[in-house]
Amino acid sequence: MADFIQLFVNGLALGSVYALAALGFVIVYSATGVVNFAAGQFVMLGTFSGVAMMVNLGLPWPIGYGAALLAMVAFGMLFFTLVYLPLRASPVVTVIIGTVAVGIILQNAALLGFGSWPFRLTSPLEGVTLDIAGAVITAHAALTVVVTAVLVGLIWLLFYRTALGIGMRAVAQDMEAARLMGLNVNLLLALTWVLAAVLAGIAGLLLGPMWFADVNMGDPIALKAFAATIIGGFGSLPGAIAGGLIVGLTELLGASYISSAYKDLIAFVVMILFLLVRPQGVFGERIQDRG
Amino acid sequence: MDFTRQQFLKLALAASLASIGAGAALAQQGEILVGATVPMTGPLSLTGKQYHNSLRMAEQDINAAGGINGRKVKFVFEDTQASNGTAVNAFMKLSQEVKPSFYFLSSYSTQNLAVSPEVKKIAVPAMYAGGADVVAEGGNEWLFRVRPADSVSAAGMVEAAKLLGAKKPGILFIQNDFGQGGAQIAAKLLEAAGTPVVGMEAYGQNDKDFSAQMLALRSKGADVILMFVYPQDGALLLRQAKMLGMKMPIVTSSAALVPAALQLISPGDLENVSGVVDAYMDPAAGGRMKDFIERYRAAYGIDPDPYGLAYYDGALIMAEGMRKVGTDPKALRDWLAQLRDWKGIGHVYSYDAKGNGVHDLAVVKAKPGTKTFELVKTITVN
């Protein structure tokens, strides 16, 4: 039982990080129709923002985390201004290719800036463990789950209880109608990219102490976040959360109780099963085009 | 003196031919080019950087000592990154554009396996540090290994497990030729010793969370865990083992104990950790070992690792071979194949019929509260 609890909490923590990355995916996709193929590199950038602030500059963690997230805000704005805005009038596939290019640029820029050796980013709760029914849980894993839960709550409040969030949803549903209603569409789109960058930044900062900060860490994250989005339902916020948690738990429980040799395979088989049996995902809606 | 047009053209042609001949003669006396395909970027660069540095140091030392009978050596590097395809491309680029007289290949066995057929095609000797036995079993007479084969490492790890009194060992391994090969050999040796493994768990090269595998081994009652790992995942595994509250001793393959991996973990992560290292690199040994470590530190600002040392030794073997038999590939290959008891800094090298030159390694144990290791014993496997 202790092992199950330990695996379950670790799976939840890992799934929470996937969920945050998937949330960024979904928020951007819902608002712009763009699949952000740089989502993994956004997370990597979040981790390295933490490295830059806390390891390189030696800032204490409360200031370091804040500064890293501010850097992600600036990055989100920069991405919107330099990549999305100039390409917005182009077909959506052009923007998608733009995100691929940005992903490659980010990875190589990180390689040039930080080198290929990984960094150790420690947690504020480094070394603190909790004993739950004989299972040793790191406080950082528990913190990751709690932070994600709080963020999900805040995002729900933003989208369903604030004018800003309702405006962002309006833009997501029909950009032209939103413009005609007097909404500042550009500002709302910029906020969408900033929100995606900040979520990725938080995911990266939470992930750093669990893994090492490594310029190649974005690829596995992007793959899992993509699987989470498919399982949860493309475009669905609750789906991103559910999908992330399903992938995280499937990965760890599957590796332990089925086969560690097929750890990744199990997670992706679940994704393919969803594509075959329920392509709209857990929370997605079935959409059909009439011929 | 008057020249006819015909005489002038003949003279010009003769002068051109003479200059080409002189050029060729100069080229013969010029630098000896040595190709080195090394993972300099990507996740494998954690150790690749060490070979890069060591080979550069060897190049300087060989040239400072008069080169190869008066000719300087020049190492030409190509990056293999972290993929087999890139490793093959890097090798092809060198073999087609630079045409070196000798090669040093990556220390990653999967890359060595991918490149091996190309080495055989061009028939030029190459040294490599990948451990997988399957590379040598392939029967490529142009490949010469400068590190212990995985069967030697596995024997060392099993010896370490025995010293720890393992009754129910478990094995965790990276899922590739190195990890699978090493794990299978260790499992057979453990079974032969009367302590069969209680479980074998695998992980992928890009995996970042190993809790499922480690908890699975713990739930099967493993009292010692043997790990076949690369540097970065090895460090992460040691760290996560402590985060999961794993109390049993861990015996790791050499990659987790190189400086590149150790910089990622804290002394606490090394509590109860043993392992094997290719060579026990302690400046206290004095002599050439002390000199190598100190000069390397001074040149590159980091501690050298045994993988890099293997390449340094390999480069000095190559230089001696070239001095004795020249750069003819066949002559150099044959010289290497008969090399016995060559005293390098890290090992005494003797090549067997499969191109294995190193047959010993060291079992070490972490000193409590530090990131340094003490020598438990050296073992030799023939």
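**Entry 1**

I began with A:E176, which is partly exposed, with a relative accessible area of 47%. The model I am reading is predicted. I then looked for the partner of A:E176 and found a salt bridge with A:R179, the closest N and O atoms being 3.5 Å apart. Both residues belong to helix 7 (residues 175–180) of chain A, where they sit three residues apart, about one turn of the helix. A:R179 is also partly exposed, at a relative accessible area of 36%.

**Entry 2: pairs across chain B**

Next I looked up B:E78 and noted a salt bridge with B:K93, with 3.4 Å between the closest N and O atoms. This pair links distant parts of the chain: B:E78 is in strand 2 (residues 73–79) of chain B and B:K93 in helix 3 (residues 84–98) of chain B, 15 residues apart. Is B:E78 buried or exposed? B:E78 is buried, its relative accessible area being 18%, and the cut-off for buried is under 20%. B:K93 counts as partly exposed at 39%.

I also checked B:K120, which forms a salt bridge with B:E141 at 3.9 Å between the closest N and O atoms. Here too the pair links distant parts of the chain, 21 residues apart, with B:K120 in helix 4 (residues 109–122) of chain B and B:E141 in the loop between helix 5 (133–137) and strand 5 (143–148) of chain B. I have B:K120 down as partly exposed at 40% relative accessibility and B:E141 as partly exposed at 36%. Over all chains, a search of the whole structure finds 20 salt bridges.

**Entry 3: the interface of chains A and B**

I turned to the interface, where 36 residues of chain B are in contact with 30 residues of chain A. The buried area between the two chains is about 2,800 Å², with carbon and sulfur atoms giving 54% of it. On the chain B side, B:K208, B:R239 and B:M243 lose the most area to chain A, together 21% of what that side buries.

How many salt bridges are there between chain B and chain A? I noted three. One of the salt bridges I looked up joins B:D269 to A:R120, with the closest N and O atoms 3.5 Å apart. A network of salt bridges links A:R120, A:E126, B:R239 and B:D269.

The elements giving two or more residues to the chain B side are helix 2 (45–64), strand 7 (199–203), helix 8 (211–219) and helix 9 (231–243) of chain B. Helix 8 gives the most, with seven residues. By type, the residues of this side divide into 15 nonpolar, 13 polar and eight charged.

**Entry 4: helix 6 of chain B**

Helix 6 (residues 150–163) of chain B has 14 residues and reaches 20 Å from its first C-alpha to its last, close to the expected 20 Å. Of its 14 residues, 10 are buried, so helix 6 is largely enclosed by the rest of the structure. Among the buried ones I listed B:D150, B:V152, B:M157 and B:V158. Just after the helix, B:G165 takes a positive phi of about 75 degrees.

**Entry 5: B:S350**

Last, I located B:S350 in the loop between strand 12 (348–349) and strand 13 (356–358) of chain B. B:S350 is buried, with a relative accessible area of 16%. A polar atom of its side chain lies 2.7 Å from the backbone nitrogen of B:D341. Leaving aside neighbours within four places in sequence, the contacts of B:S350 include B:L339, B:R340, B:N356 and B:H359.

How values were computed:
Residues numbered from 1 in each chain as written. Chains lettered and ligands numbered in written order. Predicted model: local features only at pLDDT ≥ 70, side-chain atom pairs only at ≥ 80, totals over all residues. Heavy atoms only, no water. Contact = heavy atoms within 4.5 Å. Buried area = accessible area lost by both parts, 1.4 Å probe. Salt bridge = Lys/Arg side-chain N within 4 Å of Asp/Glu carboxyl O. Helix = DSSP H or I, 4+ residues; strand = E, 2+ residues; numbered from the N terminus. Nonpolar A, V, L, I, M, F, W, Y, C, P; charged D, E, K, R; others polar. Expected span 1.5 Å × (residues − 1). Buried < 20%, exposed > 50% of the residue type's maximum accessible area, 1.4 Å probe, protein only. Polar contact = N/O pair within 3.5 Å; in protein donor to acceptor, adjacent residues only side chain to side chain.
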